[in-house]
Every structure is written in structure tokens, then in C-alpha cells.
Amino acid sequence: MKVCIVYDSRHGTTEKVAKAVKEAIERYASVEAYKVHEITTLEDCELVIVGAPIYYERPLRSVLEFLEEHSDELKKKKVAIFVVCFAVAFGSLVGWHIQNHYIKPLKERIHGEIVGTLVLRGGIGDIGEGEIEKAKRWAFRLLDF
Ligand SMILES: Cc1cc2nc3c(=O)[nH]c(=O)nc-3n(C[C@H](O)[C@H](O)[C@H](O)COP(=O)(O)O)c2cc1C
């Protein structure tokens, strides 16, 4: 299976996750990680893993724009989403908010089959080992689809 991880990152946190996910699955699948401006077509990708940090209560604009620009291609793909944010630190109190403001804008722009979503707690360029491990396990399970 060819897996494409497509993400953007201002301070490097989402990038750390993208690279860790790549490392976790590259023994089992052909996988590349790209920042949104580094990839022009998703043609060869069977599974697209989209990664977005949250800024000012929404996913980073460049990721939303990428999904809009590649909307047609994404219709034919399996897609998984991960977001990196502070808010998840507040636990179930903010669950609804995260789903509606952080995940929904991404989902709304994807008309392919969404096979997984993951919310990770990230700092500014800094992410806990536990979150990296969580992302790796999540990505590994995506390969079953
Ligand atoms: C200016 C700024 C605004 C942010 N806004 C939010 C926000 O609205 N909600 C949230 O949960 N996290 C927010 N965050 C936290 C980021 O989503 C988090 O630090 C993330 O790990 C950054 O990812 P990056 O390093 O890949 O850019 C904000 C961070 C900064 C620096």
C-alpha cells in the first residue's frame, strides 16, 4: 500500500508526528511524508494521512486549502486525519468543541472514505513521548483497512 502523509506545521510539532508515523509504518508500507506545498498530486496514494495543527480555533489554513484544492482526488482515497492542539489537555470538557471546531472543518472538505481520526496534545515544537507512541499505534492500525 502506498501511504502519503500530508501535513503542515508552524513550529515543528505536527512535523514530528508526521515523521514518527512515517518511521512507524515504513517497514510495512511504502510511505512518504510531505508538507502541503511539497506535493502536487495524490494520484499514487492509496491512504492519505492528513495532519493539521490548530491555530486560533481552527485547523491551520494551509491544510484546509490543500484539502479544497485536492477535493476531487480525495474522493477516491482512504483518508485519515490527525490534529495537534493544546485544548485536548482539558479532557472530556472540550470533546464536543474539538470535534466541531477542529475535526469537522477537515472532515467537511474530504469526500473520500475517512478511516480514522486522532487528536494529539502538542506544545509549540514540543510533543510528549506518549503522544508520539499513540500516533504510531494509530497509524499502524490504519494499515488494516
Ligand atoms: C498562536 C497560537 C495559537 C494557538 N491556538 C490554539 C487553539 O485555538 N486551540 C488549541 O487547542 N491549540 C492552539 N494552539 C496550540 C497549537 O495547536 C499546538 O502548539 C501545536 O502543537 C502546534 O503545532 P505546530 O508546531 O505543528 O505548528 C495555538 C498555538 C499558538 C502558538
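Tutor: A molecule sits in a pocket if more than half of its atoms lie within 2 Å of the pocket's grid points. The model discussed here is predicted.

Student: In which pocket does the ligand sit?

Tutor: The test is the one just given, with more than half of the atoms within 2 Å of the grid points. By that test the ligand sits in the largest pocket.

Student: Which element gives the most residues to the shell around the ligand?

Tutor: Helix H1 (13-25), strand E3 (47-55) and strand E5 (78-85) are the elements that give two or more residues to this shell. With three residues, the one that gives the most is E3.

Student: How many residues of the shell around the ligand are charged?

Tutor: The shell holds 20 residues, and Ser9, Thr13, Ile54, Tyr55 and Gly123 come nearest. Ten of the shell residues are nonpolar and eight are polar. The charged residues number two.

Student: How far apart in sequence are the parts that the pair of Tyr28 and Phe140 ties together?

Tutor: Tyr28 and Phe140 form an edge-to-face aromatic pair, 5.1 Å centre to centre with 75° between the planes. Tyr28 lies in the loop between H1 and strand E2 (30-35), and Phe140 lies in helix H5 (residues 129-142), so the parts tied together are apart in sequence by 112 residues.

Conventions: Residues are numbered from 1 along each chain as its sequence is written. This is a predicted model: local features need pLDDT of at least 70, side-chain atom pairs count only at pLDDT 80 or more; totals for chains, interfaces and linings use all residues. Side-chain values use heavy atoms; hydrogens and water are left out. A residue is near a molecule or strand if one of its heavy atoms lies within 4 Å of it. On a 1 Å grid over the protein atoms alone, a cavity is a set of points where a 1.4 Å probe fits but cannot get out, and a pocket is an open set with protein on both sides within 12 Å along at least five of seven lines; lining residues have an atom within 4 Å of a point. Helices (H or I, at least four residues) and strands (E, at least two) are DSSP runs, numbered from the N terminus. Ala, Val, Leu, Ile, Met, Phe, Trp, Tyr, Cys and Pro count as nonpolar, Asp, Glu, Lys and Arg as charged, and the others, Gly among them, as polar. Rings of Phe, Tyr and Trp (its six-membered ring) pair if their centres lie within 6.5 Å; planes under 30 degrees apart count as stacked, over 60 as edge-to-face and the rest as tilted.
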